[in-house]
Amino acid sequence: MGQLCGRCMQLLRNFVAFVQKMSSELVHSVKECLALISECSCLKQNASKTRQLYKPMLQPHERVTAQEFLQQIERGFEMSPLGKDPLEALRILAFSENPGLQQSAALYYLHMSQHMNVPLPAEHLEPFYALLRSADLEVQQMSSLSLVNFLLEGNIDKEMVIQMGLLEPILDLLESEDPTVQCNSCACTMTLAVSALSFFSPESNREAIGAARGVTPLLSLANSYDPRVQQNAVGAILNLTQSERIQLVLCKEGALPVLTLLLESPDSEVQYYSCAALSNIAANTQHHEAMLRIGDRFLLRMLISLLSSSVDKVSSQACVCLRNLATRADTQAELVAKDVLPRLCSLLVSSSEDACRAAVALLWVLSQHPHNQDALVCTELLQSLGMLLSVHTTDPVIAGHAACIIKNLNLSKNRQRIIESPCVEGLLQTMLSIDIEENSLHYVTSCLAELAKQEGGTLCMVKWMNEPLTKRLVRLAGQREHTETSFQAASIIQHMIDHEKMMLLLKCHIIEIQAYLRNFLIHQEVRFQQLAISTFCRLQADPEFSLAFRKNQMAKLLEQVRQQTEETQELLRAAICHADS
């Protein structure tokens, strides 16, 4: 190949020089363009860039204030750190255009929030407005964190934060690009939305957050990749769902799909918060259709899967949400068909009391529908209920729900399986332990009285009867404050009288039995009188009871009841004849 001539070589050199010149000008143009864009006010500038582009001059009064403030800090504030002089200095520093002075004020508030457990006077909230509005990122970070600390420690009145106009800058910080600022502002919002009695309204804080359009940025941050931001954002949404009006706003803004998808989060805190928020929304039946419509009832499938969560509070909250959703028969039937029972049985024997309570409450709802009862009655469930009652004998919530479930399932074809299970023993031990003032004691005695109507149930109870249980039954029958419990206890006794073991146990309580029989005989309700007469007839067959009745003139009282009954019958006959004529 031949060599280039001198002319061609020069042309080539000129072309290379031209390209180099054009490249240099292009790079310069690109740099100039980027610099102009970065200087535009339309972009949010970070703190370091702001300080490079804009260095405000230190005003004379600011310089003096800063020097005096520094001297006071060095002396450790011989006077109160929350006094008038420090407050005035903090105001000047906070409202300064100099980032360094603002940082000093923010740092001081942060130090106070971390080391002083004293209430912050309302006037100290004023500088926070300027600090939260600062263009300096470090000021935003420190001031928002100190505000969180004060709120969490209860050293700032939440309603005062709203009244001082701090809610708007807090919510504006939700749209910051800095994860620390996002995290702190979410935490502030979450704390402000916590249920608390307000002088104006219990809902005032949540309503204010909703009115200030705080819902949309929170939903956006609920999908943050920063776990701290996501937790606080979902926590704030959870607290907002305690307001029915804010629930409507959340649903309108698309919260339901967001919260439902968060149930799949690997973070158990996010799972718990989102599940609890959905539980609150599900407590309002008007949202059920929209909740179940998501992904062809995807929510139900997710909640059922969370019943097997290794985190107790997550599985408990999944139970609560399912219970709130299971108001319709078709939803209940769907839950039973999706094989929810084995998961609930596992929760019934969980070491977590909250999980046990939530599971037994959901089972109670499912057991109320007749079509579910056959599917629910199985050996595993009855064994689990019996164990639950034996372990939590003093828990009124568990006892009441368990008793109602057993009573609902106590159909003729299921009765023998219930009698052969540990349920009867568990109910008797629960009756012995629960306080008389608890409503659940009524459900327990009512269930036992229903079981005692069948000979198999009576035999099972007699087998477990002892002196403490007998004494408890007699005392329940004798108390007058809770008449329904009294009637059910007396009914249980009446069904067991014919058994020799029970008769021997009752002989130790002859005086107490006579007392409640006398009360029943003079009771206004006929069923009490009839129960007393039936019990009297059975006890009178025993010589000791018969002798005691004669000494106590029970026959005389019975005669009075007979006369009253005859008089009533005469009056009824007269009334009927008059009506016919």
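**Exercise 1.** Characterise the packing of helix α13 (residues 227-240) against helix α16 (residues 268-282), whose axes come within 9 Å.

*Solution.* Step 1: the two axes cross at roughly 15 degrees, where axes are lines fitted to C-alpha atoms, for helices over the stretch in contact, and angles run from 0 to 180 degrees between N-to-C directions. Helices here are DSSP runs (H or I, at least four residues), numbered from the N terminus.

Step 2: α13 is therefore roughly parallel to α16, since angles under 35 degrees count as roughly parallel, over 145 as roughly antiparallel, 65 to 115 as roughly perpendicular and the rest as oblique.

Step 3: the crossing of α13 and α16 is left-handed, meaning that the near helix is turned anticlockwise from the far one by less than a right angle.

Step 4: from α13, Q230, Q231, V234, G235 and L238 meet E269, V270, Y273, S274, A276, A277 and N280 of α16; contact means heavy atoms within 4.5 Å. By class, this contact has 6 nonpolar, 5 polar and 1 charged residues (Ala, Val, Leu, Ile, Met, Phe, Trp, Tyr, Cys and Pro count as nonpolar, Asp, Glu, Lys and Arg as charged, and the others, Gly among them, as polar).

The model is predicted: local features need pLDDT of at least 70, side-chain atom pairs count only at pLDDT 80 or more, and totals for chains, interfaces and linings use all residues. Residues are numbered from 1 along each chain as its sequence is written, and side-chain values use heavy atoms, with hydrogens and water left out.

**Exercise 2.** Determine whether S279 is buried or exposed, and list its contacts.

*Solution.* Step 1: S279 belongs to helix α16. Step 2: with a relative accessible area of 1%, S279 is buried (under 20%; exposed is over 50%, partly exposed in between, with a 1.4 Å probe and protein chains only). Step 3: leaving aside neighbours within four places in sequence, S279 is in contact with Q317, V320, C321 and N324.

**Exercise 3.** Classify the packing of helix α27 (residues 423-433) with helix α30 (residues 467-478).

*Solution.* Step 1: their axes lie 10 Å apart, at an angle of about 60 degrees. Step 2: α27 and α30 are therefore oblique to each other. Step 3: α27 passes α30 in a left-handed crossing. Step 4: L428, Q429, M431 and L432 in α27 meet P468, L469, R472, L473 and L476 in α30. The class count is 7 nonpolar, 1 polar and 1 charged residues.

Key
Helices (H or I, at least four residues) and strands (E, at least two) are DSSP runs, numbered from the N terminus.
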